[in-house]
Amino acid sequence: MLRWFHALMPKEERFFELFARHSQTVLAGAEALRAMLEGGAAVPPQCKVVMDREQDADDITREVLIAVRRTFITPFDRGNIRDLITAMDNTIDQMQKTAKTIILFDVNAFTPHMRDMGDAIVQCARLLQEATPLLRSITAEAGRLSAITEQMSALEGRADEMHDVGLKELYQANAPSNSMAFFIGHEIYDHLEKVVDRFDDVANEIHGIVIEHV
């Protein structure tokens, strides 16, 4: 009886708008991080964009979490909503950490593999932006949502390969004569890999929601 009553109650649609806004913010942060990896004069201004978009994302995340507590009927499970927005926010939090590391070590030149990992991050962010509006019609869009999560997971796998190859080349180029350069490069590679890992976490959250509704 209670489930039947809940099914008849109007659901709060604002969550879909907030997810879409957050994904747009994540994409803007990803594009700015990728622009940083071009190096040179682009680094400081693009770093500021990453920081600003991370703050915007935090504001949207806070709005979602408050809405979850105050809304009587949510479009899907409250725990799923909290887990998804948190996973989404973790992606841009990790972008911010990456940008901070670049600024901390005053890096203004990057390897081709770092830029390739940046491309993978942007691709993941674009897939996320495509996915969020589809959550409004989970059952009808289950196939496309599943395909998107598979693409994001595949990008994570390719980024892992770029990380390993790039790190080996970095070691061969710098160790043992320039251990500091290797250490700094290692930090940047690891941060970039973690950004893509966080997108894989988002893919897993979306996949879980799809499974529950199909």
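Asp-56 and Arg-53 sit three residues apart in helix α3 (residues 43–70), so about one helical turn separates them. The two form a salt bridge, with their closest N and O atoms 2.8 Å apart. The model is predicted, and its chain has a mean pLDDT of 92. The secondary structure consists of seven helices and zero strands.

- Asp-56 is partly exposed, at 29% relative accessibility.
- Asp-59 and Arg-62 are both part of helix α3 and are three residues apart, or about one turn of the helix.
- An α-helix has 3.6 residues a turn, so residues three or four places apart point the same way.
- Asp-59 has a relative accessible area of 36% and is partly exposed.
- Arg-62 is partly exposed as well, at 44% relative accessibility.

**A salt bridge between helices**

- Over the whole structure, a search finds ten salt bridges.
- One of them joins the side chains of Asp-119 and Arg-34, at 2.6 Å from N to O.
- Asp-119 belongs to helix α5 (residues 112–134) and Arg-34 to helix α2 (residues 14–36), so this pair ties together parts that are 85 residues apart in sequence.
- Side chains of opposite charge can pair when their charged atoms come close.
- Asp-119 is partly exposed at 30% relative accessibility, whereas Arg-34 is buried at 17%.

- The 28 residues of α3 should span 40 Å at 1.5 Å a residue, and the C-alpha atoms at its ends are 41 Å apart, so the two values agree.
- The buried residues of α3 include Val-43, Cys-47, Val-50, Ala-57, Ile-60, Val-64, Ala-67 and Val-68.
- Glu-54 and Thr-61 are also among the buried residues of this helix.
- The buried residues of α3 pack against α2 and α4 (78–104).

**The nonpolar core**

- The largest nonpolar core has 66 residues, of which Phe-19, Met-95, Ile-121 and Phe-199 touch the most other members.
- Helices α2, α3, α4, α5, α6 (142–174) and α7 (179–213) each supply at least two residues of this core.
- Helix α7 gives the most to this core, with 13 residues.
- Leaving out residues up to four places away in sequence, Ile-121 touches Ala-30, Leu-33, Met-95, Leu-192, Val-195, Val-196 and Phe-199.

- Ser-23 is a residue of helix α2.
- Its relative accessibility is 0%, so Ser-23 counts as buried.
- Beyond its neighbours within four places in sequence, Ser-23 is in contact with Met-88, Leu-128, Gln-129 and Thr-132.

**The chain as a whole**

- In sequence order, the elements follow the pattern α-α-α-α-α-α-α.
- The C-alpha atoms fill a box of roughly 70 × 30 × 20 Å along the principal axes.
- The chain has 214 residues, and buried residues make up 47% of them.
- Among contacts with a separation of 6 or more, 82% are between residues 24 or more positions apart.
- The accessible surface comes to about 10,500 Å², and 53% of this belongs to carbon and sulfur atoms.

**Confidence in the model**

- A pLDDT of at least 70 is reached by 94% of the residues.
- Among the elements of the chain, α5 has the highest mean pLDDT (98), and helix α1 (residues 2–8) has the lowest (39).
- Over residues 1–11 the pLDDT stays under 50, and the model has ten contacts beyond four places in sequence for this stretch.
- Where pLDDT is low, the predicted coordinates should not be read in detail.

Terms used:
Residues numbered from 1 in each chain as written. Predicted model: local features only at pLDDT ≥ 70, side-chain atom pairs only at ≥ 80, totals over all residues. Heavy atoms only, no water. Salt bridge = Lys/Arg side-chain N within 4 Å of Asp/Glu carboxyl O. Helix = DSSP H or I, 4+ residues; strand = E, 2+ residues; numbered from the N terminus. Buried < 20%, exposed > 50% of the residue type's maximum accessible area, 1.4 Å probe, protein only. Contact = heavy atoms within 4.5 Å. pLDDT = per-residue confidence, 0-100. Expected span 1.5 Å × (residues − 1). Core = buried A, V, L, I, M, F, W, Y, C linked by side-chain atoms within 4.5 Å. Areas by Shrake-Rupley, 256 points an atom, 1.4 Å probe, with all protein chains shown as cover.
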